[in-house]
Amino acid sequence: MPYAQRHRKQRKGNPGRAKRAIFVSATAVANASIAATLAKAPALRMFKKILIANRGEIALRVICACKELGIRTVAIYSEADRNSLHVRFADEAICIGPPQLNQSYLNIPAVISAAEIANVDAIHPGYGLLAENANFAEVSETCNIKFIGPPPEITRLMGEKEKARAAMKKAGVPILPGSEGILAGDGEALEWAKHVGFPVIIKASAGGGGRGMRIVRNEEELPALFKAAQSEAAASFGNGDLYMEKFVERPRHIEFQILADQYGNVVSLGERECSIQRRHQKLLEESPSTQMTAELRENIGQILSRTLSDIGYVNAGTIEFLMDEERRLYFIEMNTRIQVEHPVTEMVTDVDLVKSQILLAAGERMEDVLHGPIVARGHAIECRINAEHPEKFTPSAGRITAFNPPGGTGVRIDTAAYAEGVIPPYYDSLIAKLIVRGKDRSEAVSRMSRALEMFIVEGIYTTIPLHRRILADPDFREGKVDTTFIERFLAKKDKTSPAA
Ligand code: MV4
């Protein structure tokens with residue numbers, strides 16, 4: 001029985017803290033609470049061996065954390081990844097199937113079999129693939145292999161966006177005006193739309209990534225857009241459940257990083273600004289956000305710590321918000337995994353988030369994981385280097401003929417790419433993350449510009465030239481970014497470039 005589950009089940013049956021305080025003294029409550037904590041506390045047993053259920057740069061990133069903690073690593077790989085660096089740098093590697101995702105990295109029985117054969121204590125899922133698959137986490141823990149992430153029921157709750165929204169609302173996290181429960185049909189949708197006021201956005205409860213989402217600007221177009229969203233959601237997720245929110249024009253996408261231990265301690269590591277996205281894929285992220293104030297950061301951080309402690313959240317998590325033009329923040333979704341862009345938070349806080357995940361999963365207390373208060377210093381930016389055509393954004397697989405990653409003060413590269421290595425066509429196009437830190441945003445921008453200038457990748461197309469242009473953009477340099485930035489940026493180019 002996993003400790004996190006047992007902890008929460010006991011909590012459910014307990015009377016609330018405030019209720020108990022009516023009957024007994026504060027000291028008695030404190031003592032009872034300490035005794036209860038000790039009774040529930042797992043005997044700390046650090047993992048000896050971890051299987052990394054992922055590939056590419058994130059598999060290598062997890063291997064780095066394990067090596068520094070003295071933990072043995074087991075890589076899994078598909079036939080297309082035989083020559084990958086995660087295979088080379090892991091202590092052991094097991095081939096789990098052919099290149100296709102469904103037959104390898106998404107094949108739960110194959111991944112669990114590898115974990116059983118290698119006799120690991122825990123599995124780190126990375127991001128994407130099986131990272132937010134509650135069934136996978138459940139199977140893993142049933143096999144007595146610790147899943148490095150939150151308990152499966154929480155992953156399941158946050159995967160149903162409408163339920164996550166209701167849970168956050170109940171806890172006092174600000175949300176947008178919108179519907180309650182799943183919309184029964186376009187009739188109910190119209191009632192809510194009139195109540196909230198147009199424009200509204202219809203979203204798929206099982207969704208994310210923009211699929212099954214429709215902006216509705218007036219009553220006339222609602223029935224058709226409702227139907228379209230429903231079919232798209234049913235086809236994409238096998239679930240046509242929809243809900244509605246007030247549509248925010250030109251929002252910023254800002255997310256908060258949190259860490260939680262198994263004893264109810266939750267800390268916020270501040271925000272990441274992720275507004276520069278194309279087709280719901282982030283291109284560039286930074287921390288702090290130019291729009292954030294210390295007061296707002298503190299306020300949201302406190303609300304999130306209390307809420308996630310109450311929910312029984314454990315491990316690393318990201319809470320996504322939209323910021324409107326009046327700088328108000330509204331919860332939209334929670335991600336129950338480590339994210340691609342986690343290095344920008346690591347660069348400003350000096351906290352190793354992946355090491356923290358492993359220690360927290362092993363039952364360490366927050367105070368022993370963090371060794372002091374969290375202090376954010378300077379400014380960090382990450383550019384996602386994708387193997388794709390910079391204008392057409394189509395995947396570009398093949399052999400890398402030359403690879404010169406930049407270095408120097410304040411520069412970090414997370415990658416599994418190398419010269420003469422092959423980028424297979426079956427997987428995500430992210431081949432490297434270029435991350436820089438500076439004493440302030442201006443230094444980080446200059447540093448990123450020179451690092452991009454010195455980053456050579458030949459043989460395939462990458463987004464490096466696109467990033468060079470973004471870094472030179474006057475609006476970007478002034479911090480004027482929202483989720484419509486890329487569209488406007490690309491339109492500017494089309495007007496001025498004779499080639500376009
Ligand atoms: C919104 C929104 C405006 N208002 N929600 C897009 C991805 C998903 N995680 C949330 N998304 C959005 N949610 C409300 N209430 C704007 C976006 C959004 C978007 C929506 C449609 C088309 C392109 C978009 C690009 C960025 C954000």
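Where is the place of Asn144? Select Asn144 and you land in the loop between helix 7 (134-142) and strand 5 (146-147); helices (H or I, at least four residues) and strands (E, at least two) are DSSP runs numbered from the N terminus. The phi of Asn144 is near 65°, a positive value in a residue other than glycine. Asn144 is exposed, with a relative accessible area of 69%; buried means under 20% relative accessible area, exposed over 50%, and partly exposed in between, with a 1.4 Å probe and protein chains only.

Before moving on, a note on what is on screen. This is a predicted model, in which local features need pLDDT of at least 70 and side-chain atom pairs count only at pLDDT 80 or more, while totals for chains, interfaces and linings use all residues. Residues are numbered from 1 along each chain as its sequence is written, and side-chain values use heavy atoms, with hydrogens and water left out.

**Stop two: the ligand**

Now select the ligand and its shell. Of the 15 residues around the ligand, Leu176, Lys203, Glu245, Lys246 and Val248 come nearest; a residue is near a molecule if one of its heavy atoms lies within 4 Å of it. By class, the shell holds 8 nonpolar, 2 polar and 5 charged residues. Here Ala, Val, Leu, Ile, Met, Phe, Trp, Tyr, Cys and Pro count as nonpolar, Asp, Glu, Lys and Arg as charged, and the others, Gly among them, as polar.

A polar side-chain atom of Lys203 lies 2.9 Å from a ligand nitrogen. An N or O atom in the side chain of Glu245 is 2.9 Å from a nitrogen atom of the ligand, and a polar backbone atom of Val248 is 2.9 Å from a ligand nitrogen. The protein covers 81% of the 530 Å² of accessible area that the ligand has on its own, by the Shrake-Rupley method with a 1.4 Å probe.

Colour by secondary structure next: strand 6 (200-204), strand 8 (242-246), strand 12 (315-323) and strand 13 (329-335) each supply at least two residues of the shell.

**Stop three: two cis prolines**

Select Phe198 and Pro199, which are joined by a cis peptide bond with omega about -5°. Pro199 is in the loop between helix 10 (186-196) and strand 6. Another cis peptide bond joins Ser287 and Pro288, with omega about 0°; Pro288 sits in the loop between strand 11 and helix 12.

Thr293 is in the loop between strand 11 (281-287) and helix 12 (294-311). A polar atom of the Thr293 side chain lies 3.1 Å from the backbone nitrogen of Leu296, a polar contact (a pair of N or O atoms within 3.5 Å; within protein, one must be able to donate a hydrogen and the other to accept it, and residues adjacent in sequence count only if both atoms are side-chain atoms).

Start at Asp350, in the loop between helix 13 (342-349) and helix 14. Asp350 is exposed at 74% relative accessibility and has a positive phi of about 65° although it is not a glycine.

Then select helix 14 (residues 353-361), which is largely enclosed by the rest of the structure because 8 of its 9 residues are buried. Asp352 caps the N-terminal end, with a side-chain oxygen 3.1 Å from the backbone nitrogen of Val354. Just after helix 14, Gly363 takes a positive phi of about 100°.

**Last stop: Lys433**

Finish in strand 19 (residues 430-438), where you will find Lys433. Lys433 is buried, at 0% relative accessibility, and its side chain reaches the backbone oxygen of Val340 at 2.6 Å.
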